[in-house]
Number of protein chains: 2
Amino acid sequence: MQADSALARELRHHYLFSALTEAQQARLLATAVPRRLAAGEQLFSRGDSAGQFFLLRSGCVKLYRLSPDGGEKIMRLIRPAQTFAESVLFMDVPRFPVSGEAVDAAELVAFDRETFLGVLRESFATCRAVMAQMTRRIQSHWDEIETLALENSRYRVVHYLLGLVPRNAQGRIAVTLPARKMVIAAHVAVTPETLSRTLRALSDEGLIEVAGDEVTVCDVEKLRCHMH
Amino acid sequence: MQADSALARELRHHYLFSALTEAQQARLLATAVPRRLAAGEQLFSRGDSAGQFFLLRSGCVKLYRLSPDGGEKIMRLIRPAQTFAESVLFMDVPRFPVSGEAVDAAELVAFDRETFLGVLRESFATCRAVMAQMTRRIQSHWDEIETLALENSRYRVVHYLLGLVPRNAQGRIAVTLPARKMVIAAHVAVTPETLSRTLRALSDEGLIEVAGDEVTVCDVEKLRCHMH
DNA sequence: CGGCGGACTTGATGCCCGTCAAGGCGCCGG
DNA sequence: CCGGCGCCTTGACGGGCATCAAGTCCGCCG
């Protein structure tokens, strides 16, 4: 790998690597393997045995599971500068718990599990960072579970929208949807049709305004209390 | 605390403590606070700032969130010998992300956050144990999200039942429901009525047999492929 | 430009499932 | 023994949402 310097610079701001010494980072890079994926290409399947985790450098990757009836549930969308499949680091028999596939053409780096565990042993700060990150992930899962457990689709959509606006936001605020509406519909477990209808109903009631993938919430407070 | 020896014995088999030296365990116990809860008594509310996590010694505790319309979603049921709210260990501003309340009268021990973090710094083995546990939790959340995202209630119930049987189970197998049916219904986001009807339909079709909280799956394979 | 395909929207229809209500059953205290 | 109280079950009904099917809009490419 000779494009190391650019990669090393990217790593410096990543939670998994920022607390490591240069020497430790070098050890990781020595066993790192670059990889390219075409759009739609599969990276791994649920159940595959796993010896590495990944950093996405460009493009977009989805982690998903297939439901029995052929539908797919997207568990997470990976954006550039995010790592994923770190969970294989800590499993006794490391297997991927989800499938991973490139949405857009992607450029990524695979890090070796054992090498990283060796480095981790020497860096408590990185351990803490990992645990903090996992804590955040668990809480975002709780949010998602909370959304999915809501009885009707309107609540789920509103709950999802509220999850997009910053915690302390007030009044009027614009957000851009993080993915195509089809994908979002899958996230909140409704059909694209219902999502469309629900957004229309909300905008007819003057609660939001929709323009493409730009959604502006007219009054965050009102929308929040609209859930009650 | 003079009932220490019994408590110390319980800790020895717990993932958070088993890798610690006697001295480290002693440090933890020195700042541990025993606590009793009556049935229905609240331990903490979502959003409360948190300086400790808990080990349940007897009874039953539920972690839950209230939905806007007053319904509650149980995120996790805590059984004796389990710790909970460990996530407060790793948050920058530690707050409880869910509410906690005793279902049955409960006996528990509160451990001090800072003390535990101090011990954790000295034990990489415990770090690994924590990360492994969090990994398992994340994956069980994925399972739950997968369940909740299933479109109809029959699939959700079957998926839940299949989650109860051991991974490699085959043929006929009996499981006992881990909670009252009302609670399970909440878990899979259906009403108790629908759960009841679904179980009846499944047993009418000869797929399962229900007797109280004992459910025997007549043929795991058939039930599994029944999802497809 | 004009044809094509994919994403989104909108409409009509049917059915799943939530709601309400009435029973059956075990448990408890009187 | 009875009466009361939860929990579970079963029934009837209505609404919400998935499904199917057009229709619109837009980007793409020949």
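**A chat about the two chains**

Guide: Let's start with one residue: Glu107(A) counts as partly exposed, at 28% relative accessibility. Keep in mind that this is a predicted model.

Visitor: OK, and what does Glu107(A) form a salt bridge with?
Guide: With Arg36(A), and the closest N and O atoms are 3.4 Å apart. Glu107(A) sits in strand S6 (residues 99-112) of chain A and Arg36(A) in strand S1 (residues 33-37), so the pair ties together parts that are 71 residues apart in sequence.

Visitor: Is Arg36(A) buried or exposed?
Guide: Exposed: Arg36(A) has a relative accessibility of 63%.

Visitor: Let's zoom out. How many helices and strands does chain A have?
Guide: Chain A has eight helices and nine strands. Its C-alpha atoms fill a box of roughly 60 × 40 × 30 Å along the principal axes.

Visitor: What share of the residues in chain A is buried?
Guide: Of the 228 residues in chain A, 50% are buried. As for the accessible surface of chain A, that's about 10500 Å², with 51% of it belonging to carbon and sulfur atoms.

Visitor: And the charges, how far apart are the mean positions of the positive and negative ones in chain A?
Guide: They're 1 Å apart, for 28 positive and 27 negative charges.

Visitor: Show me one in chain B. Which residue does Arg57(B) meet?
Guide: Arg57(B) meets Glu10(B), with 2.7 Å from N to O. That pair links distant parts of the chain: Arg57(B) is in strand S3 (residues 52-66) of chain B, Glu10(B) is in helix H1 (residues 4-11), and they are 47 residues apart.

Visitor: How accessible are those two?
Guide: Arg57(B) is partly exposed, with a relative accessible area of 24%. Glu10(B) is also partly exposed, at 34%.

Visitor: What about Glu101(B) and Lys62(B), how do their side chains meet?
Guide: In a salt bridge, at 4.0 Å from N to O. Here Glu101(B) is in strand S6 of chain B and Lys62(B) is in strand S3, 39 residues apart.

Visitor: Why does Glu101(B) count as buried?
Guide: Because its relative accessibility is 17%, and buried means under 20%. Lys62(B) counts as buried too, at 14%.

Visitor: Last one: where does Val93(B) lie?
Guide: Val93(B) is in the loop between strand S5 (83-84) and strand S6 (99-112) of chain B. Val93(B) is exposed, with a relative accessible area of 61%. From Val93(B) to Ala26(B) it's 67 residues in sequence and 27 Å in space, C-alpha to C-alpha.

Methods:
Residues numbered from 1 in each chain as written. Chains lettered and ligands numbered in written order. Predicted model: local features only at pLDDT ≥ 70, side-chain atom pairs only at ≥ 80, totals over all residues. Heavy atoms only, no water. Helix = DSSP H or I, 4+ residues; strand = E, 2+ residues; numbered from the N terminus. Buried < 20%, exposed > 50% of the residue type's maximum accessible area, 1.4 Å probe, protein only. Areas by Shrake-Rupley, 256 points an atom, 1.4 Å probe, with all protein chains shown as cover. Lys, Arg positive; Asp, Glu negative; His and termini not counted. Charge placed at Lys NZ, Arg CZ, Asp CG, Glu CD.
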